[in-house]
Amino acid sequence: MTSVLRGGQLARLLGRWRPSGLSAPDYIALADTVRGLLVDGRLALGVRLPAERELAETLEISRTTVTAAYSELRTSGHLHSRRGAGSWTTLPGGARLASTGLWAPDGAPDLLDLGQAALAAPAELPAAATEAVAALPRYMGGAGYHPTGIPELRAAVAADYTARGLPTSTEQIMVTSGVQHALDLVVRLLLPPGGAAITESPTYPNALATLAARRTRVHTYGLADDGWDEELLLSTIRQTGARLAYLIPEFQNPTGHLMPERLRAQLPGVAHHAGTDLVIDESFVDLSLTDTEMPPPVAVYDRHARVLSIGGMSKPYWGGLRIGWVRAAEPVVQRLAAVRVGVDMAGPVLDQLVAVALLRRAPQIVSARRIQLREQRDVLVEALRRELPAWQFKVPDGGVTLWAELDAPISSALARAGEAFGVRLAPGPRFGVDGTLERFLRLPFTLAPAELVEAVARIVAARDDMHRGARRTWDAPALVA
């Protein structure tokens, strides 16, 4: 089932689409703006656009102008029409889900990696590991298989949800080998091969890779500059008939947006009536960089067991500790455990004990992380404003990434050029579908301040070099985390 965009919804996406001067006719300007929305990922592929008459009335222009704009889009391959049925967004030559989980060996010693949005381990890790080894004998008398996780880690995670205003029992928690593993198990359970799912655009590329592995039909919902368009997101859920929607409401990866409480409150009810399960990725929920009170978890408003929350240790603690979890209704947790037995049986007990020890130290670790990230974010923002003033971005209030809009659609080319200057970048198309988001670049602020300043200088050098001709570039794909 294809999403249908109403006239008012498209008008909000178009914004101020008319040229300020007389450089182009209105129909050209309208067509160019729609193309830009498609390439930037703000307008999803496979969406049926409003009828010509409806859009003309909404924009208060002549129907002839809309007809000419649609004709222009068909000619350029950005619109496909069927007489009497409507017109759907597309890309020249067709489009398919393209983002994959990619990995490359470590680069040169002085390579600055902005492809991975993750921090180094906290200073408390060695002490936590020592404590975990001391606790290990309690488990050595058994076989060591705990498909839902060891009881004390499940209890610690449940207690954290309860403290956030979401009463949670130990039986509602399943421990996994990282957030990616949690998502994979949920998708295996809920989404049949070839099923339909909804994601934001842009979104986490490894989530797209998980969906692609199931041959999922992905419907994308384009985020606006200020976050989620409430009406458009809810109508997308109602119209697509998707079995699953994957959303990141806390400091969305890569944009950094924080979903407002009003939309959180509506999502579970709308999803239930649409027959859609909500997979809520809370990887960044602990990393607010302001003193503003966080909105309640989406699951607070769930009355029909439609919300599965996933989270983990990778972002606030350390990516090398592969610990994640799923919070769901107890029967769903048991079904997930049954799925897991056919995948990896259970997670390492020692790693889970390390996680328990770190969670006991959560107040001091997370507080230090926030101070560190706030400083590094401000350093990156200052360097970008000084060295690349034409780039536009919203300063995020949390998370670990900044989503920059470039002054030209050169994201992939800049990433290729950057390798020759010792900086690894995650270009915009990694975070969307084939051919989109070329004007965007995700920039994490997880490196040390001096390294961030140097990374921006190398980006500037790579961009300048692009105008002077080709250089040696590295074609190896890189891990995006």
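**A helix, its neighbours and the cores**

Reply: In this predicted model, the largest nonpolar core has 74 residues, and those with the most contacts inside it are Leu 267, Leu 278 and Leu 358. The element that gives the most to this core is helix α12, residues 349–360, with seven residues. Leu 358, once its neighbours within four places in sequence are left aside, is in contact with Glu 124, Leu 125, Ala 128, Met 313, Tyr 317, Leu 321 and Ile 365.

The buried residues in α11 are Val 332, Val 333, Leu 336, Ala 337 and Arg 340. Viewed down the axis of α11, these buried residues fall within an arc of 145 degrees, so they line one face of the helix. On the face of α11 turned away from the buried side are the exposed residues Pro 331 and Ala 338. As for partners, the buried residues of α11 pack against the helices α6 (151–163) and α7 (179–190), and also against the strands β4 (173–176), β9 (307–312) and β10 (324–327).

In the loop between α11 and α12 is Met 345, which has a positive phi of about 70 degrees although it is not a glycine. Met 345 counts as partly exposed, at 36% relative accessibility. Another positive phi in a residue other than glycine belongs to Phe 251, where the value is near 50 degrees; Phe 251 lies in the loop between β7 and α10 and, with a relative accessible area of 2%, is buried.

The loop between β7 (244–247) and α10 (261–274) also holds Pro 254, and the peptide bond leading from Asn 253 to Pro 254 is cis, with omega near 20 degrees. A further cis peptide bond runs from Ser 201 to Pro 202, with omega near 5 degrees, and Pro 202 is found in the loop between β5 (196–201) and α8 (205–213).

Terms used:
Residues numbered from 1 in each chain as written. Predicted model: local features only at pLDDT ≥ 70, side-chain atom pairs only at ≥ 80, totals over all residues. Heavy atoms only, no water. Buried < 20%, exposed > 50% of the residue type's maximum accessible area, 1.4 Å probe, protein only. Helix = DSSP H or I, 4+ residues; strand = E, 2+ residues; numbered from the N terminus. Arc of directions from axis to C-beta. Contact = heavy atoms within 4.5 Å. Core = buried A, V, L, I, M, F, W, Y, C linked by side-chain atoms within 4.5 Å.
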